[in-house]
Amino acid sequence: MKVFICGFGTVGQGFCEVLAMRRQFMLDRYGEPVTVVGAMDSKTYAYDPDGFDPLELVKRKQDTRKVGDQTYEDSVAVLEKADYDILVEVSPTDVRTGGAGLLNITHALEKGKDVITVNKGPLALKFQELIALARKNGCKFRFEGSVGGAMPIINLCHENLVGENITSVRGIFNGTCNYILSKMDKGQPFEQALKEAQQMGYAETDPTNDIMGYDSACKVAILANSVFGRNVTFNDVRITGITSITEDAVSLAASRGMVIRLIGEVSETKLEVGPRLIPKGHPLSISGTLNTAQILSDLAGPITVTGRGAGRLETASAILSDLISIMDERKRQR
Ligand code: HSE
């Protein structure tokens with residue numbers, strides 16, 4: 001199975017590490033290796049139809065800050081010339097235009113390639129168009145890691161809960177905001193907590209996207225489209241971020257046995273992100289960088305999942321699970 005990776009930051013490198021860790025597992029399961037034939041960062045690319053050692057690519061990136069020897073202007077032109085089976089699109093999120101990620105995914109689907117992505121921009125702006133394109137061209141298109149990183153949510157709703165009528169999903173979908181708010185619970189100032197979240201590698205390239213609620217809004221839009229079959233974009237979400245949460249507001253909440261958390265909520269009619277008062281001890285009052293989601297459905301009742309919403313190996317684990325689903329399906333179809 002030949003994989004091309006677009007985006008070689010934390011997630012792209014983490015995915016290569018996971019491929020190396022699961023090399024034997026994949027070989028045993030499918031009787032063939034998963035080969036990385038190409039990788040692209042924001043300026044350079046490497047391509048070899050015989051494949052690379054994925055750990056060599058990570059080392060090269062860490063030593064030289066470049067994944068490849070060749071530079072490019074147009075990522076689609078690079079993909080056009082490459083021979084691969086699955087595109088793993090993990091370039092940085094652009095919530096305004098969808099960025100290079102949208103172009104790369106569109107091109108791959110038009111060429112009949114399967115796609116795995118955690119890039120929220122294309123999914124939060126052009127979801128139904130991309131699903132329709134994948135369907136038209138008979139491509140598999142999966143994006144579990146785009147919401148909640150390692151926390152299972154999209155495939156859980158689609159697969160394990162397939163017979164349920166899901167009425168709402170509410171949760172904490174941004175680890176940076178949750179880290180800041182839970183540090184503020186302990187009296188730490190906003191700015192200092194944000195700096196720590198950035199140092200831990202959780203915040204977006206531009207952390208404004210976290211604290212303004214834009215990152216959570218992307219995830220809420222993706223859930224609305226994928227779980228509720230709605231046709232919405234990031235721009236339809238009612239968004240309030242956490243920038244106006246003061247230390248006084250946090251103290252007042254604490255004096256009433258509450259915490260403030262940035263909650264995303266989606267249902268057939270709701271589509272919003274905003275700070276909410278949550279009773280201490282409630283499943284949505286969790287602290288730190290964790291993500292959590294409460295799914296309400298008619299037969300199963302409430303189901304709560306919690307997990308690491310970001311991180312090198314954690315997000316890569318969601319990509320691995322999508323890769324296994326695609327390879328299992330291909331095997332069944334053979
Ligand atoms: N910036 C995001 C967060 C990363 O803080 O949760 C995962 O989308």
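A polar contact here is a pair of N or O atoms within 3.5 Å; within protein, one of the two must be able to donate a hydrogen and the other to accept it, and residues adjacent in sequence count only if both atoms are side-chain atoms. The model is a predicted one, in which local features need pLDDT of at least 70 and side-chain atom pairs count only at pLDDT 80 or more, whereas totals for chains, interfaces and linings use all residues. Residues are numbered from 1 along each chain as its sequence is written, and side-chain values use heavy atoms, with hydrogens and water left out.

**View 1. Asp41 in the loop between β2 and β3.** The side chain of Asp41 makes a polar contact with the side chain of Lys61 at 3.1 Å, and the side chain of Asp41 also reaches the backbone nitrogen of Thr44 at 2.6 Å. With a relative accessible area of 7%, Asp41 is buried, where buried means under 20% relative accessible area, exposed over 50% and partly exposed in between, computed with a 1.4 Å probe on protein chains only. Neighbours within four places in sequence aside, Asp41 is in contact (heavy atoms within 4.5 Å) with Phe8, Lys61, Arg65, Lys66, Val67 and Tyr72.

**View 2. Lys43, also in the loop between β2 and β3.** Is Lys43 buried or exposed? Lys43 counts as exposed, at 58% relative accessibility. When neighbours within four places in sequence are set aside, Lys43 is in contact with Gln70, Thr71 and Tyr72. From C-alpha to C-alpha, Lys43 and Gly145 are 24 Å apart in space, and they are 102 residues apart in sequence.

View 3. Helices (H or I, at least four residues) and strands (E, at least two) are DSSP runs numbered from the N terminus, and two strands pair if DSSP finds at least two bridges between them. Strand β6 (residues 114–117) runs parallel to β7 and is joined to it by two bridges, and Ile116 stands opposite Arg142 in β7.

**View 4. Helix α14 and its buried residues.** From its first C-alpha to its last, α14, with 22 residues, reaches 32 Å, close to the 32 Å expected at 1.5 Å a residue; the expected span is 1.5 Å times one less than the number of residues. The buried residues of α14 include Ala316, Ile319, Leu320, Leu323, Ile324 and Met327, and also Asp322 and Asp328. These buried residues pack against α1 (10–21), α2 (23–30), β5, β6, β7 and α8 (154–160).

**View 5. The open sheet of six strands around β8.** The order is β9-β11-β10-β8-β12-β13, and the pairing is mixed. Because β9 (238–239) and β13 (301–308) stand at the edges with a single partner strand each, one side of each is left without a neighbour in the sheet. Five of the seven residues of β8 are buried, so β8 is largely enclosed by the rest of the structure. Six bridges pair β8 with strand β12 (residues 290–297) in the antiparallel sense, and four bridges join β8 to β10, again running antiparallel. Ser168 stands opposite Leu296 in β12 and opposite Ser267 in β10. Helix α12 (residues 214–228) lies across β8 (166–172), β9, β10 (258–267) and β11, running at about 35 degrees to β10.

**View 6. The surroundings of the ligand.** An N or O atom in the side chain of Thr176 is 2.6 Å from an oxygen atom of the ligand. A nitrogen atom of the ligand lies 2.8 Å from a backbone N or O atom of Tyr202, and a nitrogen atom of the ligand is 2.6 Å from an N or O atom in the side chain of Glu204.

Terms used: Near = heavy atom within 4 Å. Axes fitted to C-alpha atoms, helices over the stretch in contact; angles between N-to-C directions.
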